[in-house]
Amino acid sequence: MSRRLASLALAAALFATAGCSRDDGSGKGGPGERAGRQVDRALDKAGQAVEKAGRDMQGASKGQDTSKESK
């Protein structure tokens with residue numbers, strides 16, 4: 001059983017590595033690398049939104065209106 005699990009894990013790692021290292025010569029990387037960049041961008045945007053929400057909450061707790069509608 002553990003031999004099967006180890007073989008399955010090795011196969012999954014090899015397929016994942018092959019998907020990430022493929023390069024079409026354009027300098028953009030393989031499909032895994034492109035997907036990783038998209039995930040990074042999405043997480044950056046989500047982090048910025050969370051930070052803004054935190055600032056808005058701090059402002060609201062101090063009685064300040066930081067929304068765009070009021071400006």
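Visitor: Is Arg37 buried, partly exposed or exposed?

Guide: The model is predicted, and the answer rests on a computed area. Arg37 has a relative accessible area of 29%. Buried means under 20% and exposed means over 50%. Because its value falls in between, Arg37 counts as partly exposed.

Visitor: Which residue does the side chain of Arg37 meet in a salt bridge?

Guide: Side chains of opposite charge can pair when their charged atoms come close. A salt bridge requires a side-chain nitrogen of Lys or Arg within 4 Å of a carboxyl oxygen of Asp or Glu. For Arg37 the N to O distance is 3.3 Å, and the partner is Glu33.

Visitor: How many residues apart do Glu33 and Arg37 lie in helix α2?

Guide: Both residues belong to helix α2, and about one turn of the helix lies between them. Glu33 is partly exposed, with a relative accessible area of 39%. The spacing of Glu33 and Arg37 is four residues.

Visitor: What span does helix α2 reach from its first C-alpha to its last?

Guide: Helix α2 covers residues 31-61, which makes 31 residues. At 1.5 Å a residue, a span of 45 Å is expected. The span in the model is close to that expectation, at 45 Å.

Visitor: Which residue with a positive phi follows α2?

Guide: The chain has two helices and zero strands. After α2 comes a residue whose phi is near 85°. That residue is Gly63.

Visitor: What percentage of the residues of the chain count as buried?

Guide: A residue is buried when its relative accessible area is under 20%. The chain has 71 residues, and the share that counts as buried is 6%.

Conventions: Residues are numbered from 1 along each chain as its sequence is written. This is a predicted model: local features need pLDDT of at least 70, side-chain atom pairs count only at pLDDT 80 or more; totals for chains, interfaces and linings use all residues. Side-chain values use heavy atoms; hydrogens and water are left out. Buried means under 20% relative accessible area, exposed over 50%, partly exposed in between (1.4 Å probe, protein chains only). The expected span of a helix is 1.5 Å times one less than its number of residues.
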